[in-house]
Amino acid sequence: MFPRSEGLARLAYQFAEKYEKIGGRSDRKRAKELYSASPDCIRPYKKSYSNSDFTRDVTILNSLFVESLDLLVFASEDNNIYVWGFDKNAVDVLQKMKPVDEFLNHRYAILLENGGYMPEAETDVSKGAIDSVTNRVAGFICKSVFSEHSNCITGIVAVEKDHRKRYDTTFLISAGWDRKILIWDLEKLCLHDVFHNTADLNGSTSYPELPADGIIMDLTYSPERDEFAYAASDKLVYIRQFSDKCSNMKLTGILQGHEADVTQVKWNGVLSKWVTGSDDGSIRIWSDDGIQCEQYISTHGTITALCIDQTNGCIALGVQDRIRVYDPDTRKFVQTNVGHSDSVRSIIHVPERGQYISSSWDTTVRIWNAYKKKVK
């Protein structure tokens, strides 16, 4: 079987090969469309969809892989969230296949649920391995389209079931330029609840219904604290307690100090800190309760992407067309990667391979060696 990261790479290749390339519109047309939708206008929910819905000329603003459900989730500038998963109908057909030909029966035994002949040398193949192969053969399809947002969706994050069993399903939190926060049930593929601001830190109900005064630029979740934070163009980051009932999502903190739009917010699970990046050319590291700003770092450039190294807690930054890695322990920049010719828009860390993967407005995706701390 393939390692998990390689399996994801193969799925991405299948996705790219099968469907049309996303993007390609002129900046003028894209800007016109981004600002044309009114935040007060709510589109009707799209009840029917097909795979062709995702072959249109749209730009993906955020993406997420939910490993427990084998789902790929894409947030788009066309106000929609696209949920992709394995074709379960095709999986069922493959599992029920019983080839008459003995050679075929032997060759494709791993895809057959009960009727296939399994050679003695392969009898130790686990059911999980069989399911994995069957899923890959069946292929990926667009399983659902969430259409309750009325403007660009910039932030999506999953709240998965864990050993504490706080929730009986897997949720998706989404937010964007319409300043809405929506909760989706990823197992039932439906809208679960809509957040409406009901009180501030002091319990006052005088605040407006929207969760932020500016458009929401990014979103993150802390499993350890069961809190989520969202960055906004009003120079603030809001921290709320997560709940499966939006009326119980209490505001627990506000990160204030940036001098321009806060475009990035991430939870550093290695160090148990909040990390924010802004158009003011700085990143800030905050205590887990959000009360104190513990580090201020000037990057001498606009921050366009931010990623937490899941191995050592370092911070990989997209600073214009470069990637700079900051070590909070030594308080120094320890690595710089040069190669992109335009703004870096996304960085992810693949810990299994010790790599950073970046994408840029120069239309390229690049793979870099992740920073490794020296063993003392």
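The model is predicted: local features need pLDDT of at least 70 and side-chain atom pairs count only at pLDDT 80 or more, while totals for chains, interfaces and linings use all residues. Residues are numbered from 1 along each chain as its sequence is written, and side-chain values use heavy atoms, with hydrogens and water left out.

**Thr 154**
- Thr 154 sits in strand E5 (residues 153-159); strands are DSSP runs of at least two residues, numbered from the N terminus.
- With a relative accessible area of 13%, Thr 154 is buried (buried: under 20%; exposed: over 50%; partly exposed: in between; 1.4 Å probe, protein chains only).
- A polar atom of the Thr 154 side chain lies 2.6 Å from the backbone oxygen of Ile 216.
- Beyond its neighbours within four places in sequence, Thr 154 is in contact (heavy atoms within 4.5 Å) with residues including Ala 175, Trp 177, Ile 216 and Asp 218.

**Salt bridges**
- The count is seven salt bridges, each a side-chain nitrogen of Lys or Arg within 4 Å of a carboxyl oxygen of Asp or Glu.
- Asp 218 pairs with Lys 266 in a salt bridge, with the closest N and O atoms 2.8 Å apart.
- Asp 218 is in strand E9 and Lys 266 in strand E13, so this pair ties together parts 48 residues apart in sequence; both residues are buried.
- Glu 294 and Lys 273 form a salt bridge at 2.9 Å, N to O, linking strand E16 with strand E14.

**Network**
- Salt bridges link Arg 225, Glu 227 and Asp 288 in a network.
- Asp 288 and Arg 225 meet at 3.5 Å, N to O.
- Asp 288 is partly exposed at 30%, and Arg 225 is partly exposed at 27%.

Methods:
Helix = DSSP H or I, 4+ residues; strand = E, 2+ residues; numbered from the N terminus. Polar contact = N/O pair within 3.5 Å; in protein donor to acceptor, adjacent residues only side chain to side chain.
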